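Hi,

Here is the structure I promised to send over.

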Amino acid sequence: MEPIIRLKDVSMVYGVNGTRATALAGVSFDVRRGEYVVITGESGSGKSTLLTVLGGLQVPTGGAVRIGGADLSALPADGLADFRRETIGFVFQAYHLLPYLTARENVMVPMSPERISPREKASLAGELLAAVGLAGMEDRLPSQLSGGESQRVAIARALVHDPPVILADEPTGNLDSATGKQVLDLFSSLHARGKTVLMVTHNLSNLARATRSIRLRDGRIEDDRTRRPLTAKPLAV
Amino acid sequence: MNIRVLAWKNLLRRKSRAVFTGLGIFLGIATFVAISSITSQMEGAVQDQLDRFGANIVVSPRTERLSLGFGDIALGGTEVAHSRLTMGDRERIASIHHKDRIRSIVPFLMTAVDASGKNVVWMGLPAADVAGARPWWKVRGGSELRRGEVLLGAEAAALLDKGPGGTVTAGNRLYRVAGVLQPTGEKEDGMVIADIADVQVLAKKSGAVTHFEVAALCKDCPVEDIVAQIGQALPGARVSAIRQVVESRKAAVDHLRRLGFGVSAIVLLIGGLMVLVTVMGGVQERTREIGVLRAVGFRKRSIFSLLFWETGWVSLISSLLGAGTGIAAAYLASPAFGIEHPAIVFSPAIFGAVVGFSLGLMGAVPPARRAAALSPTEAIRSL
């Protein structure tokens with residue numbers, strides 16, 4: 001089976017005022033559909049850069065990235081936007097909810113440019129919020145939600161287009177351990193439903209739920225190991 | 001929720017910024033609409049005043065100046081009329097091709113006749129036409145003039161020592177003083193005004209007329225054509241249009257209108273720049289938000305559309321408010337500009353609202369393009 005993600009010799013070099021900083025230096029790995037990959041490493045090891053490259057937010061300066069059969073370096077800007085909308089669900093450490101929108105409206109944001117009836121959008125957002133355990137909180141503003149609840153809204157937002165790949169950047173970084181566990185349970189359930197999850201984290205306790213871990217150091221893969229066999233069924237569409 | 005609602009909600013979140021963004025457009029459109037409304041009404045008011053103030057064509061006998069002298073000694077000169085005007089000429093003037101454009105034809109007879117032993121000039125005109133021919137006269141006493149009555153100019157009243165209710169003797173006949181004019185600063189201050197028939201009797205010139213005042217002013221009136229047609233009807237008469245009065249007043253209104261347009265254009269330009277600067281600043285502040293939207297799959301066009309709609313809402317609301325305020329300001333300020341019957345003029349308001357809305361949208365294009373062109377890398381770095 002062809003991997004859903006394939007990175008081959010990916011490098012990312014930033015150059016500012018004549019100075020060059022290498023964030024990724026020849027990173028290659030494949031991810032099979034349904035894997036739960038935790039990416040760890042020290043600060044500056046290239047974890048976040050790797051995530052933005054995987055999400056099509058940055059085009060690497062070298063190498064090739066194929067996700068779901070699409071060569072990201074060959075896609076135009078709008079093609080990358082469509083790719084992100086259809087294939088990737090982003091979850092950020094700081095949630096990045098729009099503060100002037102309610103929980104329901106935040107979940108509806110990715111659907112804003114689409115010609116779907118408002119009722120349909122609201123209905124889907126309500127279902128997703130219920131699925132992440134926020135039924136009854138649809139009309140709350142982010143300022144009225146706890147950190148864990150905000151992160152759940154962000155996860156619901158990431159699932160709007162039912163993407164096969166979830167990219168999460170330190171999703172429990174701003175949460176206490178109990179709330180963090182609830183959020184990780186949510187990722188586990190997504191994984192159990194066949195989603196491919198790639199999570200960047202400092203927290204080594206998150207490794208326990210992963211099927212695989214990749215450790216970066218200075219932009220290179222230092223360690224790549226399977227932690228438990230892949231048992232999740234592919235997502236039924 | 002769609003892009004329009006998203007834009008609207010963002011505006012509500014940043015109310016003070018939205019108000020500041022729309023302020024320039026609001027002021028520009030309000031200024032434009034107010035000045036346009038006032039100037040267009042002033043045009044009508046000027047025309048109305050000219051119509052009411054009557055004469056814009058004077059018909060008098062054609063004259064020739066004769067120089068008198070003896071040898072090398074100059075003895076001055078005199079004006080010699082080629083022909084005389086009579087009351088019958090009124091009908092001839094009224095029969096010209098553009099007769100439907102003539103509002104009134106008032107015959108005048110000027111003559112010098114003693115009144116109560118003092119030599120004064122008498123002005124005769126039909127008693128019924130006094131109010132129409134000289135609407136600016138303010139009369140102390142009775143304002144209506146009848147045959148056998150006179151109105152005295154302020155200086156004439158002082159000279160004759162007469163007031164309303166008094167009598168003046170002329171040609172062995174008594175004339176009752178119906179009223180005294182308040183000073184006008186014109187020659188009639190020293191005159192005795194009476195019905196033209198009475199003056200013709202006093203002057204012993206039955207049916208004689210010194211000149212006619214013709215009121216033919218109306219909007220877009222072909223005054224030159226009317227002058228030519230009267231000239232043809234009365235070949236011996238000199239027909240003069242006092243067009244410069246009209247032109248000078250129209251020129252004053254035109255100057256005001258140009259000044260208003262200039263001020264409005266500058267204010268609108270500043271408003272457009274305010275939109276540009278404010279929205280551009282907003283783009284800088286919202287890099288993170290734009291990054292989130294790009295991350296969740298917004299295309300460049302959607303980002304552009306979002307910024308465009310935000311400014312569109314502000315421009316639309318501020319333009320409509322500006323147009324409404326302009327109409328109200330024009331209505332309230334109209335009396336100060338000599339407009340006696342203020343009216344609500346919608347055409348400048350509609351035009352102004354469209355211009356303001358368009359200008360706001362134009363001002364939003366550069367920042368919206370910048371936001372759309374913001375690379376996800378740059379946007380995502382702030383996440």
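Which residues of helix α2 (residues 77–87) of chain A are buried? They are A:L80, A:A81, A:R84, A:R85 and A:T87. "Buried" here means 20 or more other C-beta atoms within 10 Å of a residue's own (exposed is 12 or fewer, partly exposed is in between, and C-beta atoms are placed from the backbone). Helices (H or I, at least four residues) and strands (E, at least two) are DSSP runs, numbered from the N terminus.

A word on the source before going on. This is a predicted model, where local features need pLDDT of at least 70 and side-chain atom pairs count only at pLDDT 80 or more, while totals for chains, interfaces and linings use all residues. Residues are numbered from 1 along each chain as its sequence is written, and chains are lettered from A and ligands numbered from 1 in the order in which they are written.

Back to chain A. The buried residues of α2(A) pack against β4 (62–67), β6 (88–91) and β7 (165–169) of chain A, and also against α9 (287–295) of chain B. Contact means that two C-beta atoms, placed from the backbone, lie within 7 Å. Helix α1 (residues 47–54) of chain A is mostly covered, with eight of its eight residues buried; A:K47 and A:L54 are among them. After α1(A) comes A:G56, with a positive phi near 70°. Chain A as a whole has six helices and 10 strands, and 49% of its 237 residues are buried.

Now for where the chains meet. On chain B, 22 residues are in contact with 25 residues of chain A. α1 (3–13), α9, α10 (300–333) and α12 (376–381) of chain B each supply at least two residues of that side, and the largest share, six residues, comes from α1(B). By class, the side of chain B that touches chain A has 11 nonpolar, five polar and six charged residues. For these classes, Ala, Val, Leu, Ile, Met, Phe, Trp, Tyr, Cys and Pro count as nonpolar, Asp, Glu, Lys and Arg as charged, and the others, Gly among them, as polar.

Inside chain B, take a look at strand β8 (residues 149–152). B:E149 and B:L151 point one way and B:V150 and B:L152 the other, yet all are buried. β8(B) runs parallel to β10 (residues 173–181) of chain B, joined by four bridges, and B:L152 has B:V180 as its bridge partner there. With β11 (residues 191–195) of chain B, β8(B) pairs in the antiparallel sense over three bridges; B:L151 stands opposite B:I193. Strands pair if DSSP finds at least two bridges between them.

B:I193 turns up again around B:M123, which it touches along with B:F108, B:M110, B:E188 and B:M191, not counting residues up to four places away in sequence. B:M123 lies in strand β6 (residues 118–125) of chain B. Why is B:M123 buried? Because 22 other C-beta atoms lie within 10 Å. B:M123 and B:E188 are 65 residues apart in sequence but 7.9 Å apart in space, C-alpha to C-alpha.

Last, the helix pair: α10(B) and α11 (residues 346–373) of chain B pack at an angle of about 155°, with their axes 7 Å apart. The residues of that contact divide into 18 nonpolar, 11 polar and two charged. Axes are lines fitted to C-alpha atoms, for helices over the stretch in contact, and angles run from 0 to 180 degrees between N-to-C directions.

Cheers
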